[in-house]
Amino acid sequence: MRTTVSQHKPKIRWHIIVFLAPAVLVYTAVMIFPLFNTLRLALYSQIDQTRVFVGLQNFQSLFGDPIWSDQFWNALGNNFWFFFIHMLVQNPIGIALAAILSHPRLRFAGLYRSAIFIPTILSFVIVGFAWKLILSPIWGIAPSMLDAVGLKFLYTPWLGKEDYALTTLSLISVWQFVGIPMMLIYAALLSIPEEILEAAELDGITGTSAFWKIKLPLILPSIGIISILTFVGNFNAFDLIYTAQGALAGPDFSTDILGTFLYRTFFGFQLQLGDPYMGSAIASAMFAIILIGVCIYLFGIQTRMRRYQL
């Protein structure tokens, strides 16, 4: 008995291509093409008004030439400090606020959530100039507010001192964006099935112990996502530093991060001429740092989280 096997060619789902094509084209035009063009420019330099291929020479200058390396390592170190402040202050506060606001007996929880989240939607320019005015030793309200509660001796021009400026700006950024981890963790807490919480309650696990033993392990994936978003956002930071301290990121480059360093190098500032080739090298270095951090999370931390959940 002869059996014939009919081979059907897989149908091309044209509707998927039609719907995805515009988004892919736009994303390629505004993201993919500029990215590869930046990586390409980092391999060139301008010599005698002529573009010349120099390979990795720009990166050698960026990492080894004291003229460039001192600024780069200073900006990178400041960027890591900016990130650590957010990880150590913003995210724990966001988790704590989410745990408090998710309590079923809390009244006016919606009002509190809205009030905490409002700074997130404000412009960087508004936040930067507002806090610059608040902390000003001449016309700011911070000295008088501390004086009203008898703590004026604690006041110091935080944005004007090298030891405090970057930490102060980091805390301002924390104030502005603490609503994001709060809302993400709040949504994760609400998604926990009631059956699990009821079973834990029958076993005598309630209150704070329920959060640490039941809720926290279940929201670890959300905490991981918040951490990597914090990392990417902080290493792409620019607006707040530029608004509050200017392109020179004063005092004496103490608040200089990779974003402001890239801006001065690529576009030039005051007497410094713009160098798009070295600027592209800095942008490529930033891309590599962010890519390495994301890969460590995806292939290291996230894998362990999945094993922990199983």
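Which residues in α3 meet which residues in α11?

## The model and its confidence

The structure shown here is a predicted model. Across the protein chain the mean pLDDT is 88, and 94% of the residues reach 70 or more.

Helix α7 (residues 165-177) has the highest value, at 95, while helix α14 (residues 276-309) has the lowest, at a mean of 83.

## Where α3 meets α11

Two packed helices are described by the angle between their axes and the distance between the axes. Here, the axes of helix α3 (residues 66-101) and helix α11 (residues 220-235) come within 9 Å and cross at roughly 145 degrees. The crossing of α3 and α11 is right-handed.

Now for the residues themselves. From α3, the contact involves Leu 76, Asn 79, Phe 80, Phe 82, Phe 83, His 86, Met 87, Gln 90, Asn 91 and Ile 95. Their partners in α11 are Ile 223, Ile 226, Ser 227, Thr 230, Phe 231, Asn 234 and Phe 235.

## A glycine in α14

Next, look for Gly 293, which sits in helix α14. Is Gly 293 buried or exposed? Gly 293 counts as buried because its relative accessible area is 16%, and buried means under 20%.

Leaving aside residues up to four places away in sequence, Gly 293 touches Ile 228 and Phe 231. Phe 231 is also one of the α11 residues in the contact with α3. Val 232 lies 61 residues from Gly 293 in sequence, yet the two are 8.2 Å apart in space, C-alpha to C-alpha.

Methods:
Residues are numbered from 1 along each chain as its sequence is written. This is a predicted model: local features need pLDDT of at least 70, side-chain atom pairs count only at pLDDT 80 or more; totals for chains, interfaces and linings use all residues. Side-chain values use heavy atoms; hydrogens and water are left out. Axes are lines fitted to C-alpha atoms, for helices over the stretch in contact, and angles run from 0 to 180 degrees between N-to-C directions. Helices (H or I, at least four residues) and strands (E, at least two) are DSSP runs, numbered from the N terminus. A crossing is left-handed if the near helix is turned anticlockwise from the far one by less than a right angle, and right-handed if clockwise. Contact means heavy atoms within 4.5 Å. pLDDT is the predictor's confidence in each residue, from 0 to 100. Buried means under 20% relative accessible area, exposed over 50%, partly exposed in between (1.4 Å probe, protein chains only).
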